[in-house]
Every structure is written in structure tokens, then in C-alpha cells.
Amino acid sequence: MDASELHTALQLATSGDTGLSLEKRAALGASLPLLQRDYRFERVWFWGCIQGVRDAYYIAQGLGPDLAAPRSRLYSLNCVEWSLLPPATEEMVAQAELLEGRFQGDPSFEYEYAEVNTEDDERFLDDGKELTMKEENRLVATIEQIDRAVGIIPRRAFMKTPLGSVHENRNFEGLSLMEAKKLSSYFHFTEPVNLKNKTLLEKADLDPSIDFLDSLEHDVPQGSWTVQLEKGSTVVVLRSLLWLGLTFYHVPMTKQYGYIYCGTGEKNLDLPFML
Amino acid sequence: EHGPYLPHEPGYGLYQPGYGPYDDQTPDPEHRMLSFQNAKAYLLKSSVTSGLNLYDHLVNVLAKILDEQPTDPVDIFENISKDVKAAQFQKKMDTLRDEHEVLPSFDSAEVRRNLFLKTDGEGDEEREEMGETPLPNVMETAFYFEQGGIGLSRDETYLIFLALKKLVSVQPIQTCRFWGRILGQEMNYIIAEVQYHEGEEEEEETEEEEVMVEGEKRLDEVEDEEKEKGEPLKSTYKPPPVIPKEENGTGANKYIYFVCNEPGKPWVKLPPVTPAQIVCARKIKKFFTGRLDAPVVSFPPFPGNEANYLRAQIARISAGTHVSPLGYYRFTEEEGDEDEEGGGGRDECEENPEFEPLSAFEMVESLSTWVHHVPSILNQGRCVWFNPLQKTEEEEGEEEEEKDEVPDELQQEVGPPLLTPLSEDEGIQNIPAWTASVSTKLTPQYAVAILRSNRWPGAYAFACGTKFGNIYFGWGHKYSLGNHTPALPPPVQPEYPDGPEISEATDPTVEEELAFKAAREQKSLESMEEEEEEEFEDEDDDDD
């Protein structure tokens with residue numbers, strides 16, 4: 001969520017554990033604006049925290065004027081000093097999917113691949129040495145996966161200009177309560193996959209400046225999002241069941257929205273059994 | 001500077017109005033006025049499709065912009081134009097008036113507001129002021145958890161506090177605690193852990209007994225009918241003995257749990273948990289929907305609905321993650337408690353008046369400063385082991401008949417004793433069972449020690465000075481490395497092996513029977529002749 005709304009957002013989006021003690025929360029309020037100044041970001045989003053066994057990583061994202069451009073990600077262990085993370089590559093993401101288990105909490109920790117059975121992995125072993133992956137890279141890859149899979153925004157919040165860049169829609173006044181309860185009013189904020197497969201009839205109803213992303217309606221498996229009205233039906237909270245810990249909140253008819261991830265950084269592969 | 005050109009000076013005609021170099025193209029002011037009017041008439045022309053005209057539309061758009069004064073109007077000009085056009089379609093005078101929209105938030109607000117009203121039971125006011133109230137200080141516990149970043153927002157916690165107060169005023173409760181919140185797909189559960197006053201047990205037990213008695217009666221009737229019909233074979237199948245649940249007030253059923261979906265909604269009591277439910281809950285992993293009567297569809301089939309599954313998970317979480325600082329509880333001093341049933345495990349612990357707290361850093365450094373104060377649940381599903389081979393007095397008469405089927409002796413199951421330190425907790429591979437942290441490193445004098453469980457993600461505990469607390473915020477599942485593999489269905493039972501004793505043979509036809517009969521008679525004739533010959537031979541032999 002936006003760093004400026006951090007305090008209200010944490011009240012609305014909490015599932016019980018925010019991972020942020022009061023001290024860290026106060027520290028964030030002081031260090032995030034400094035990040036904006038030092039790295040010359042247009043805006044800073046506090047992405048959330050990934051809890052390792054010993055320590056937790058706190059992640060912030062900085063965005064430039066084009067919201068669809070690759071974002072810079074920074075991590076910190078104490079919410080005061082931030083370090084830039086390397087950008088995510090496909091190879092990193094593929095390697096990270098093979099790892100399982102919790103994060104350790106130490107960015108220089110090296111994971112060793114225990115089982116290398118499939119033929120695909122033989123490619124990696126061409127060098128002849130043990131396959132290792134640093135925790136930092138695993139962190140980057142996990143954040144990228146989570147953003148791709150479950151990073152969501154409400155419909156009409158972002159607009160695509162004719163030049164291709166994505167901007168915030170200044171006319172967005174919030175979803176109505178009826179719209180907010182439907183999954184089709186929320187979009188994945190990544191490269192769309194299903195959009196091209198829509199029939200021409202459906203595409204005719206879409207507004208190319210607003211509907212340029214995939215909506216949540218057709219997520220597989222169905223039921224992987226829970227939509228709830230909390231706090232006396234004043235806040236709509238969406239929680240992902242695929243990545244447990246991702247919470248998205250929106251106050252209908254206002255401009256407040258955002259998502260935060262606070263969890264162990266593991267995909268819930270048991271989802272089909274649990275529904 | 002040159003003054004106005006006078007007619008006799010050169011360059012006179014160049015700057016005169018009407019005589020400039022381009023003035024011959026708009027010769028007349030009248031013409032300019034005419035072109036202006038043409039342009040305006042064009043703008044005022046109404047469109048056939050929408051009935052608007054551009055002139056009025058531009059007037060409205062500019063008026064809106066000047067009224068509202070947004071920043072950078074040129075960037076959102078199209079949107080403003082669209083909004084103004086959309087506003088045209090609202091009728092001002094309409095005989096049909098929109099019904100005032102009733103949002104669901106109003107109903108929820110009403111429910112919450114009722115929490116703040118004082119209901120009947122005003123007579124209890126005096127007792128409350130005396131200080132002996134079972135209501136826990138939820139806000140104080142929430143404060144300590146908040147230091148560690150755990151908990152709901154403050155106003156939500158306060159509403160839960162008021163909801164607990166309502167619960168306490170309605171039910172005869174001795175101790176009460178906010179246990180935590182479990183998330184569900186449609187709705188969430190807020191759970192309160194409660195102990196009744198002694199002797200205030202509900203009457204649901206008698207209801208169950210009545211049901212049992214009726215069931216038995218019906219069975220007897222059926223058996224009588226069968227005997228009358230001629231006694232069909234009774235099956236020799238004996239189902240495995242049902243392990244009885246623990247008494248209310250002991251073991252896994254020590255506390256009673258009440259749940260509600262939102263603060264303000266009525267509290268519902270959860271039924272006590274049976275060992276079969278706990279054993280099954282260990283094998284399945286399902287999300288909660290938020291409705292207590294929802295069925296739990298799983299394999300192995302769960303004996304109960306969502307209320308039972310919820311109760312089983314609560315029991316497991318409590319047994320696995322309720323911890324307290326070392327020394328807070330101590331064993332009750334009783335004489336002769338070595339020979340109790342179940343071996344040397346002690347079941348009761350009480351608060352230790354001589355408890356000396358450690359600093360937060362010491363609590364966090366090593367896990368041996370924390371202990372479990374809730375008995376763990378054995379594989380059987382109970383806290384105290386039950387020997388299913390113990391025959392009751394009624395069945396002893398039948399023992400003599402069934403001596404063939406004595407099963408092997410079951411091993412008594414023993415779990416870790418009460419008040420084991422957390423350092424004995426097993427981790428999962430290289431992940432320790434708990435993660436400890438302090439709430440602040442900058443002000444260590446007031447730091448709170450926070451424990452997060454890794455085996456049950458969502459279970460938290462804090463300790464600060466003489467205070468401690470446990471709470472759960474999560475989905476209600478245990479952490480499992482690797483994928484959850486549900487139990488496979490049991491193999492298909494083998495059929496009775498095919499053998500000659502059960503294989504059917506075709507009945508012989510009449511000809512075959514006659515032939516067989518003839519052959520038999522012939523054979524008997526032959527054998528009789530042989531016997532006669534033998535007799536003759538014998539007689540001959542005897543004569544010789």
C-alpha cells in the first residue's frame with residue numbers, strides 16, 4: 001500500500017499479524033519518505049514482510065511515473081536501513097520454485113538443492129558443481145511471484161494512456177459496495193494473460209484505457225479468493241488462499257485501497273484439497 | 001519614437017485600420033461579425049442523436065472546471081466532458097423517487113451499537129464493581145500483543161471486549177478468555193474460551209443419554225423381530241471399540257468454547273470434542289467457510305460438521321501452542337498422586353504465587369524459559385490414555401464365549417508430561433518449533449518477549465514481567481512441509497477365494513442321472529459277485 005496511508009491501512013488490512021511491532025511501524029513512517037528522497041521515486045509502496053525463521057524481511061517498492069514499468073524493490077531487516085534488491089529474472093523464479101521450506105532470515109544463506117531428479121535440472125548441473133541459491137535471490141523471486149499471482153488493484157484505479165504507460169486515474173472515486181463484492185471489479189496488476197483470449201463480443205464492451213488487465217473472476221481454482229466485509233461492512237477485504245498472508249483492502253466510495261503481504265513466503269499448494 | 005503617421009508622410013497607409021497589408025481579406029467589420037455569427041450558429045446546432053449542442057456543452061464544461069478548479073484540467077478534460085454529458089441524463093423532476101439506499105453496513109452498525117447499550121442484569125453492577133468479574137482485561141492483553149505487531153485494530157478489539165462482556169452476563173461463567181480469531185472463506189470466527197462455575201454443567205448430556213437409550217431400545221426391538229422370523233445369521237463383525245470422549249472439564253474438554261462471526265452477533269456454544277474427531281482432523285486439511293452447520297467433505301470422512309471440525313482444531317491448537325513462562329504455573333501438591341490412572345502424568349497445575357519473572361531478553365534467548373501448561377493430546381485423541389480392552393461389567397458374561405478373539409495388548413500411549421519446556425518441542429526439519437523476538441531493541445527495559453509458533457502459524461504468545469498471554473490469529477491449520485497427501489482409500493477387500501467347494505456345477509440331466517444309476521447298480525452287482533467269489537475262495541482255503 002502507499003506509504004502515506006500506512007497507518008490507516010494497517011488498521012484496515014490486518015488479519016491478525018502485521019509483522020510490524022509498534023517500533024517498526026514508527027520507523028517506517030520515518031524511513032520510507034527518505035527512500036523516496038534518496039532514490040527519487042515518485043511514490044513508495046510498503047509491500048509487506050516475509051517472515052523467516054530467525055528474522056523477518058520488510059519489503060518496500062518504489063515506483064516511477066509509469067506504474068507498469070519494472071519496480072525497484074528494497075528490503076530491510078529493521079525498517080531503518082534499506083538495501084536494493086536485484087531485479088528478478090526468469091531463471092531466478094524457476095529456481096526458486098524448486099525450493100521449499102521457510103526463509104531463514106539471513107540474506108546470505110545458501111540453499112542447497114537436495115533432490116535433483118528431473119531432466120530439466122540436469123541443465124543446471126552442467127557446470128558440475130553443487131546447485132545453490134542465495135536467500136536474497138529467493139526473496140526476489142518470491143516477491144515477483146507473489147506480485148504476479150496476487151497483486152491486485154480495483155478496476156478503474158489505473159488508466160492506460162495512448163502512449164502505453166499506465167497512470168493513476170484521477171477520476172477514480174472508489175468502487176460502489178455492489179461492485180466491491182464482485183471479483184470482476186479487481187484486476188491483477190501484471191501482464192494480462194487471458195485478455196487476448198476473450199471473444200470479440202466481450203472485448204467490445206471493454207474500455208481499452210481501463211480494462212487492460214486480467215480480472216480475478218477466472219482465477220484457477222475458483223474460490224481462491226475470499227471476499228469479506230469487515231468492520232461493520234465498511235471495508236471490503238480480499239484475502240488470497242493461494243498465497244496465504246496477502247490481504248487487499250478497499251473502502252468503498254473512497255480512494256483508499258492497497259494490499260500487503262505478511263506471511264512466510266510459501267505458496268499454498270494444498271489449496272485444491274482445502275477448498 | 002514616431003508619432004502617428006500623418007497623411008503626407010510616407011508609410012501612412014500601412015498602419016491605418018482598414019489599410020493594413022492583410023485588411024483586404026476581411027474587408028468589413030460587418031463581415032467579421034457575420035463570420036462570428038455563423039460560427040456561433042454552427043456551435044448552437046443541436047445534434048440529431050443526442051439533442052445536445054456543442055455550445056451549451058462547452059459552456060457547462062467550462063463552468064464546471066471554473067467551479068471545481070481541479071489541478072491540470074487539460075489532462076482530464078475528456079473525463080470532465082464525459083461526466084458533464086452523463087449528468088445531462090438525470091431528470092430533476094421525477095414522479096418516481098429512488099428509495100433511500102439501505103446499505104448492509106447500516107445493519108451491521110446497528111448490531112454493533114447494541115453492544116454499547118446496557119441490557120438487563122443491572123443488578124450485577126454491584127458485583128462488577130467489587131472486582132470479581134470473570135471478564136478478562138482484553139485491552140491489556142491486546143496492548144502487549146500490539147507491541148509485537150499482533151492483533152486486530154483497537155476499535156475491533158474493543159468491540160470484542162464488549163461482546164465478551166455480554167457473554168459473561170448471559171452465561172454462568174467462572175473464567176473467560178479471548179482465545180483468538182480463525183479466518184474463514186465467507187465469515188470469520190471469534191472464539192472465547194470459557195469455564196463454567198462448578199455444578200453449572202448444561203443439560204445436553206442428558207439429552208444425549210436419552211438419545212442413546214432410545215437407540216438401544218430400537219435395536220432391541222429389531223433383534224426381537226429377527227428372532228421371531230427364524231434367526232438369520234448374526235454377523236460376527238465387531239467394530240473397533242469407540243474411544244469415549246473425555247469428561248467435560250478434563251483433558252481436551254477442559255474448556256468450553258463459544259464462537260460468533262462478528263462482535264455483536266449471538267454467541268454459539270461448540271460441542272465437546274471426541275477422540276475420533278481429533279484423529280480425523282489430523283488427517284484432513286480444509287478451510288473453514290464461516291457457517292457452523294456446513295458439512296466437512298473429506299476423506300477420511302469427518303464425523304461431524306464444521307462446528308465439530310472447528311472444535312477439534314481449537315483443541316489441537318490449544319494443546320500445541322498454549323505456553324507460559326517457566327514458573328508461572330506449578331504442580332498442585334497432592335498426596336498419593338503417583339498411582340493415578342494413566343501412569344505418572346500429573347494433570348493439574350495452578351498459579352504459582354512465588355513466580356519471579358525474567359527479563360524479556362532472557363525469555364527470548366532460550367526456549368527453556370517457556371513451558372506448556374495444557375496437556376498434549378495423544379495419538380488416541382485424548383489427553384489421558386483410555387484402554388479400550390477394559391471390559392465393563394456387563395460384557396464380562398460374554399467374555400467366555402469370545403475367547404477366540406483376544407486382540408493383542410495395546411501399548412499405553414504416553415505423551416510429554418505437563419509443564420515441559422519448549423526446548424523439547426520438535427521442529428520440522430531444520431525449522432525450530434518457535435521463533436522468539438523482542439518487541440523493541442531500543443528500549444529494552446520495557447520490551448515484551450513475543451513467541452511465534454512455526455508448527456501452528458498464527459499462534460502467538462507474549463510475556464512481559466508477570467503478565468503473559470496466548471492468542472491465535474490465523475486460518476486454523478498446522479504447518480506441513482511438502483504437500484498434503486490425503487489418505488488413500490483402503491484397498492478393495494479381497495473376495496472369498498475361488499475353490500471347488502463353492503464353484504457351481506450344473507445339475508445333471510435326467511439321462512445322466514439314469515446312466516449314473518445304472519452304472520452304480522452294475523458296479524454293486526459286480527462287487528457282490530466278487531464278494532461271493534472271495535467267500536467261496538475263503539471257504540475253499542479254510543477247507544484245505
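**Sheets, interface and backbone**

User: What should I know about the model and numbering first?

Analyst: This is a predicted model: local features need pLDDT of at least 70, side-chain atom pairs count only at pLDDT 80 or more, and totals for chains, interfaces and linings use all residues. Residues are numbered from 1 along each chain as its sequence is written, chains are lettered from A and ligands numbered from 1 in the order in which they are written, and side-chain values use heavy atoms, with hydrogens and water left out.

User: Back to β11(A). How many bridges join it to β12 of chain A?

Analyst: Six, and the two strands run antiparallel. β12(A) covers residues 235–240. Two strands pair if DSSP finds at least two bridges between them.

User: What is the strand order of that sheet in chain A?

Analyst: β4-β3-β2-β1-β14-β13-β12-β11, an open sheet of eight strands with mixed pairing. The edges are β4 (83–84) and β11 (225–230) of chain A, and each pairs on one side only.

User: Which helix packs on it?

Analyst: Helix α2 (residues 22–39) of chain A. The helix touches β1, β2, β3 and β4 of chain A, where contact means heavy atoms within 4.5 Å. Its direction makes about 130° with that of β1(A). Axes are lines fitted to C-alpha atoms, for helices over the stretch in contact, and angles run from 0 to 180 degrees between N-to-C directions.

User: Now the interface. How many residues are in contact?

Analyst: 45 residues of chain A are in contact with 53 residues of chain B. The two chains bury about 3,800 Å² between them, 48% of it on carbon and sulfur atoms. Buried area is the accessible area (1.4 Å probe) that two parts lose on being put together, summed over both.

User: How many salt bridges across it?

Analyst: Three, by the rule: a side-chain nitrogen of Lys or Arg within 4 Å of a carboxyl oxygen of Asp or Glu. B:Lys285 forms one with A:Asp270, and the closest N and O atoms are 2.8 Å apart.

User: Which element gives the largest share of chain A's side?

Analyst: β11(A), with five residues. α2, β11 and α8 (271–274) of chain A each supply at least two.

User: What about A:Cys79, positive or negative phi?

Analyst: Positive, about 65°, although A:Cys79 is not a glycine. A:Cys79 is in the loop between β3 and β4 of chain A. Most residues other than glycine have a negative phi, and most peptide bonds are trans.

Notes:
Helices (H or I, at least four residues) and strands (E, at least two) are DSSP runs, numbered from the N terminus.
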